[in-house]
Amino acid sequence: MAFRKDFLWGGATAANQFEGAYLEDGKGLSTADIMTNGSHKSSRRITYTMPDGTKKSQGVFPFESIPDGAKLECHEGEYYPSHQAIDFYHHYKEDIALFAEMGFKCFRLSINWARIFPNGDDAAPNEKGLEFYDNVFDELLKYGIEPVVTISHYETPLALANNYGGWLNRKVIDFYARYCETIFNRYKDKVKYWMTFNEINIMDFMPVFAGGVTKNDDQSKAQSVYHQFLASAKVVQLGHKINPDFKIGMMTAYGSTYALTCNPEDELLLMKSDQQKHFFSDVQCRGVYPEYKLKEYERLGVKLVKEEGDDELLKNGTVDYIGFSYYSSSVVTADKSKKVTDGNMSTSVLNPYLKATDWGWQIDPVGLRLALNRLQERYNLPLFIVENGMGAIDKVEADGSIHDDYRIEYLAKHIEAMKLAVEEDGVDLMGFTPWGCIDLVSAGTGEMRKRYGFIYVDKNDDGNGPLTRSKKDSFEWYKKVINSNGEDIHI
Ligand code: BG6
């Protein structure tokens, strides 16, 4: 058998994309709650109000800095998908029962920071918020499903963004550490697997998503991610003190990249692109800033503001494993005339050997095997694929059935690639949690129609729908995959 006996098969979600109940039981607003919907071709927007009361909005990708003094807030007449999402908050028992029916060994979810500390800097945590996750974890454990928790998944309490400037402000490290201390102590006997930040590398291009940072200049982004690195290192040490059995990982978006040709200029671009990609894992797995990044900062005029003891903190707070998302691969070339994909958020030079999803993400299972090998060779740490899947439009037949063979094919090929990485290349793989195991709001576009789930949720892009859950064909298929520990992946 390729996969280890305790392989963590499951599915992945994030609070702001599926919980809803955005102000219920004392929850505060988070940065995700002021993001409108968008589409494949038009970006989601954040809404804000200028000091003179003028209401404005700004696309999240590509992102331009928000003027000083602007207040991020909801505007009447706008649609914010996170507010109701798929209402997991009130459906968690039904949803978890379906996960259990598929045989999930684990379930990845995030804790919404603003449910625990509504303003981020509150004197005491919100007991109702803590109770909600107690209930969810208890429900999961009832079925023997291990929770895998992302501590911060694209949501910073909005008050921290408005009053402190988000992660650009060093004080946020302490607020985050207090939040972590609270949830580590509360759930120490229920949760073993943690990840400190979802896709920490998106700070490079989407600072509001990544940490409530409304400035888009090099210095601000570098300083903000520096604070996240310190915060992660701090809570890795804290977590291990609270429960030495905790496994605390990093989480990075990771796709394979190819040079379009053997022109040395293309190869050089590939090297640079790989450096951008590895910077985050280099710091979180090795505990030091790599030379190539320090040189880049010198060129850009970026000067990190550091305090005594920071270097030691980074060194002593490296992670236990690498969680990563893998959806597609990309191509680089020095030849500016080459066509690019029309991918939402992630664009790439077109790879002539690959097909793409309806949203322009190139499908590349072999790239996953390469990614696993590269990460293993570079860091020699256990790996966890915590996101993978294809966003697609599903058709509901008259009898209610949904024949999502394209999804099954995508996942089967990626599992096959994982298997080869384990069996032939000896990669140490802990588990696999396909993204959006139940349909949820797309992070990139805010849409519902970009669906990833084994479970269909009846809701439209305009926010209407009864939220009824139903099984797609992939539901039974994934059940079989888990039941055979990945041996039976055929349709
Ligand atoms: C990852 C994120 O980048 O990709 C998820 O961690 C996100 O939050 C997923 O949903 C898929 O992207 P999208 O834009 O299709 O939702």
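Colleague: How many aromatic pairs does the structure hold?

Modeller: In this predicted model, local features need pLDDT of at least 70, side-chain atom pairs count only at pLDDT 80 or more, and totals for chains, interfaces and linings use all residues. Residues are numbered from 1 along each chain as its sequence is written, and side-chain values use heavy atoms, with hydrogens and water left out. Rings of Phe, Tyr and Trp (its six-membered ring) pair if their centres lie within 6.5 Å; planes under 30 degrees apart count as stacked, over 60 as edge-to-face and the rest as tilted. The number of aromatic pairs in the structure is 44.

Colleague: Why is the pair of Phe 18 and Phe 88 stacked?

Modeller: The ring centres of Phe 18 and Phe 88 are 4.1 Å apart. The pair is stacked because the angle between the two planes is 20°.

Colleague: Is Phe 18 buried or exposed?

Modeller: Buried means under 20% relative accessible area, exposed over 50%, and partly exposed in between (1.4 Å probe, protein chains only). The relative accessibility of Phe 18 is 0%, so Phe 18 counts as buried.

Colleague: Which class of pair do Tyr 164 and Phe 175 form?

Modeller: The centres of the Tyr 164 and Phe 175 rings are 5.1 Å apart. Their planes stand at 70°, so the pair is edge-to-face.

Colleague: Which ring lies under the charged end of Lys 450?

Modeller: A charge sits over a ring if NZ of Lys or CZ of Arg is within 6 Å of the ring centre and within 35 degrees of the ring normal. The charged end of Lys 450 is 3.8 Å from the centre of the ring it sits over, that of Trp 361.
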